Amino acid sequence: MVNFTILAGGYSTFIATYLFNSDASTLSLVGQNPTGQNPSWIDLHPTNKSILYATNENTEGALQSFFVKSDGLLTAAQGQTSSGGNGPAFAVPLSTGEVAVMNFGSGNGLIIPTEEDPLQFTEGAPLISFPAAVSHPHMALEVGAEVLVPDLGADTIWRLTSDGAPGQYRIQGQIDQPQGSGPRHIVVRGDQVYTLHELSSTLTQQAIPATPASPGPAPLIANFSIVPPGLPAGAAMAAGEILLVEGSNSTASNFTQPFIYASNRNTGVQDPRGDAIAIYAVEPELKFVKHVFTGIDQIRGMEFSGGDDNEFLVASGVAGSAGVLVLKRTQGGADLEIVASNTDIPTRSSFVWLD
């Protein structure tokens, strides 16, 4: 028997703890851990998996920290600080000991230092404002010495770099995106950036310019619609999440090739099949493989289990009542099948695996 503990954030006042048994294909709700309002995005410390960070996606946004106990339940919040703006939809800890938090609603963000105890935040980091008429930063991704921030409102990816002291960052360039596409989330592989665009429901590939301040847009190497066929009249699609899984280094693995997985969100008339996850092969070039329908309504967050194989994927919607699903990768990663579900909590928005 192999048990996996999964934490799940959502638009509520708690983070849920689940236990997934991969042998029995069961997913059980273990408990609900009290938090601030709307812990919609959660992430683990990069080196200490007993530390969890969570946004409070509210008009007066906040960032909280928690200690994860051995049973997968959380302590009360150990640290809390302002996100500096409205609607922090994403936060991620960096290798520097800082935590980046982006405010979708107010078009700004913070990169917040932590103390020697990473549960405690250092106050005083300057607010990062993005110079655009409309700015909706939706993510931050550490890539080498840069932090890349896709901006759904400005149709660009901002390139941030440290400006000296902890928490001090400046914009050193940008990677412009197709007008009106709404870049939401990104993954990076080598010098290639793969962008999931919410408003156009597309997946694009670009080379990251070697010089951050390079003038002009970076040409698109690939541009795919992720929208599945056969949608009902009145469907309204908006892309959600993108995940990259590299091929395993193990010669005994069934998962030797890299794939990208992109979630659809239908915010209009629902498809009886639910929303689909679009799967793309990465090598030798980006290529569509298939759509997997999930029965979920508006997949905002999903996450792989980690390890050499990243065999399992957890996902949920932010609407409807389908609850939380665990899917298993098959066909070397080219397909997914549902192996477990739990409907005790109807919606969740982000996940981390503890085991």
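Author: Two strands count as paired if DSSP finds at least two bridges between them. The model discussed here is predicted.

Reader: How many bridges join strand 16 to strand 17?

Author: Strand 16 covers residues 183-189, and strand 17 covers residues 192-197. The two strands run antiparallel, with Val-187 opposite Tyr-194 of strand 17. Pairing requires at least two bridges, and the number joining these strands is six.

Reader: Which residue takes a positive phi in the hairpin of strand 16 and strand 17?

Author: Two residues lie between the strands of this hairpin. A positive phi near 65° is found there, and the residue that takes it is Gly-190.

Reader: Is strand 16 mostly covered or mostly uncovered?

Author: A residue is buried when its relative accessible area is under 20%. Five of the seven residues in strand 16 are buried. The strand is therefore, on the cut-off of under 20%, mostly covered.

Reader: How many residues of the lining of the largest pocket are nonpolar?

Author: The largest pocket holds about 970 Å³ of space and is lined by 31 residues. Strand 16 is one of the strands that each supply at least two residues of this lining. Asp-43, Val-92, Leu-141, Leu-243 and Glu-303 lie nearest the centre of the pocket. Five lining residues are charged and three are polar, while the number of nonpolar ones is 23.

Reader: The charged end of which residue sits over the ring of Phe-304?

Author: A charge over a ring must lie within 6 Å of the ring centre. For Phe-304 the distance is 5.8 Å. The residue whose charged end sits there is Arg-329.

Terms used:
Residues numbered from 1 in each chain as written. Predicted model: local features only at pLDDT ≥ 70, side-chain atom pairs only at ≥ 80, totals over all residues. Heavy atoms only, no water. Lys NZ or Arg CZ within 6 Å of the ring centre and 35° of its normal. Buried < 20%, exposed > 50% of the residue type's maximum accessible area, 1.4 Å probe, protein only. Helix = DSSP H or I, 4+ residues; strand = E, 2+ residues; numbered from the N terminus. 1 Å grid on protein atoms, 1.4 Å probe; cavity = no way out; pocket = protein on both sides within 12 Å on 5 of 7 lines; lining within 4 Å. Points joined across faces, edges and corners; volume = space filled by probe spheres on them. Nonpolar A, V, L, I, M, F, W, Y, C, P; charged D, E, K, R; others polar.
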